[in-house]
Amino acid sequence: MRLPSKVTSYNESILPVVLILAKKLRGGDMTVLSLFRESKSVIRDVADYFVALEVLFALNKVQLTDQQGGLHYVG
């Protein structure tokens, strides 16, 4: 996981991706695949996407919904 540091700028870290995913999920529930498709213009690679999702889960900002692969933003 790339966190901001003296070597890694904020824009190169994972934090902007986390914020973009959270903002998209605030608009409503989405599947993992649809969230990726809507965010792939700002995501460097799939690994960054999953790391960002892990951060959201670790912070208890996202939960799985009843639908298969559904994500819900819990704020």
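Q: Which helix lies across E1, E2 and E3?
A: Helix H1, residues 15-26, lies across E1, E2 and E3. H1 runs at about 90° to E3. Helices (H or I, at least four residues) and strands (E, at least two) are DSSP runs, numbered from the N terminus. Axes are lines fitted to C-alpha atoms, for helices over the stretch in contact, and angles run from 0 to 180 degrees between N-to-C directions.

Q: What should I know about the model itself?
A: This is a predicted model, in which local features need pLDDT of at least 70, side-chain atom pairs count only at pLDDT 80 or more, and totals for chains, interfaces and linings use all residues. Residues are numbered from 1 along each chain as its sequence is written, and side-chain values use heavy atoms, with hydrogens and water left out.

Q: In what order do the three strands form the sheet?
A: Start with pairing: two strands pair if DSSP finds at least two bridges between them. Here the order is E1-E3-E2, in an open sheet with antiparallel pairing. Strand E1 (30-31) and strand E2 (62-64) stand at the edges, each with a single partner strand, so one side of each has no neighbour in the sheet.

Q: How many bridges join E1 to strand E3?
A: Two bridges join E1 to E3, residues 70-73, and these strands run antiparallel. Met30 stands opposite Leu71 of E3. E2 and E3 also pair in the antiparallel sense, over three bridges. There, Leu64 has Leu71 of E3 as its bridge partner.

Q: Which residue in the hairpin of E2 and E3 takes a positive phi?
A: Gly69 does, with phi near 75°. That hairpin has five residues between the strands.

Q: Which residue other than glycine has a positive phi near 55°?
A: Most residues other than glycine have a negative phi. Asn60 has a positive one, near 55°. Asn60 is found in the loop between H3 and E2.

Q: Is Asn60 buried or exposed?
A: Read the relative accessible area (buried means under 20%, exposed over 50%, partly exposed in between, with a 1.4 Å probe and protein chains only). Asn60 has 59%, so Asn60 is exposed.

Q: At what angle do the axes of H1 and helix H3 cross?
A: They cross at roughly 70° and come within 9 Å; H3 covers residues 46-58. Angles under 35 degrees count as roughly parallel, over 145 as roughly antiparallel, 65 to 115 as roughly perpendicular and the rest as oblique. H1 is therefore roughly perpendicular to H3. Handedness comes next: a crossing is left-handed if the near helix is turned anticlockwise from the far one by less than a right angle, and right-handed if clockwise. H1 passes H3 in a right-handed crossing.

Q: Which residues make the contact of H1 and H3?
A: Contact means heavy atoms within 4.5 Å. H1 brings Val17, Val18, Leu21 and Ala22, while H3 brings Asp48, Tyr49, Ala52, Leu53, Val55 and Leu56. Sort them by type: Ala, Val, Leu, Ile, Met, Phe, Trp, Tyr, Cys and Pro count as nonpolar, Asp, Glu, Lys and Arg as charged, and the others, Gly among them, as polar. The contact of H1 with H3 has nine nonpolar, no polar and one charged.

Q: Is Asp48 buried or exposed?
A: Asp48 is buried, at 8% relative accessible area. Asp48 sits in helix H3. Leaving out residues up to four places away in sequence, Asp48 touches Arg2, Ile14, Val17 and Ile43.

Q: What does Tyr49 touch, not counting residues up to four places away in sequence?
A: Tyr49 touches Leu21, Val32, Leu35, Phe36 and Ile43. Tyr49 belongs to helix H3. At 1% relative accessibility, Tyr49 counts as buried.

Q: At what angle do helix H2 and H3 pack?
A: The angle is about 120°, and the axes are 11 Å apart; H2 spans residues 32-39. That makes H2 oblique to H3. The crossing is right-handed. Val32, Leu35 and Phe36 of H2 meet Val46, Tyr49, Phe50 and Leu53 of H3. This contact has seven nonpolar residues, no polar and no charged.

Q: How far apart are the axes of H1 and H2?
A: They are 11 Å apart, at an angle of about 120°. H1 and H2 are therefore oblique to each other. Leu21, Lys24 and Leu25 of H1 make the contact with Leu35, Glu38 and Ser39 of H2. The residues there divide into three nonpolar, one polar and two charged.
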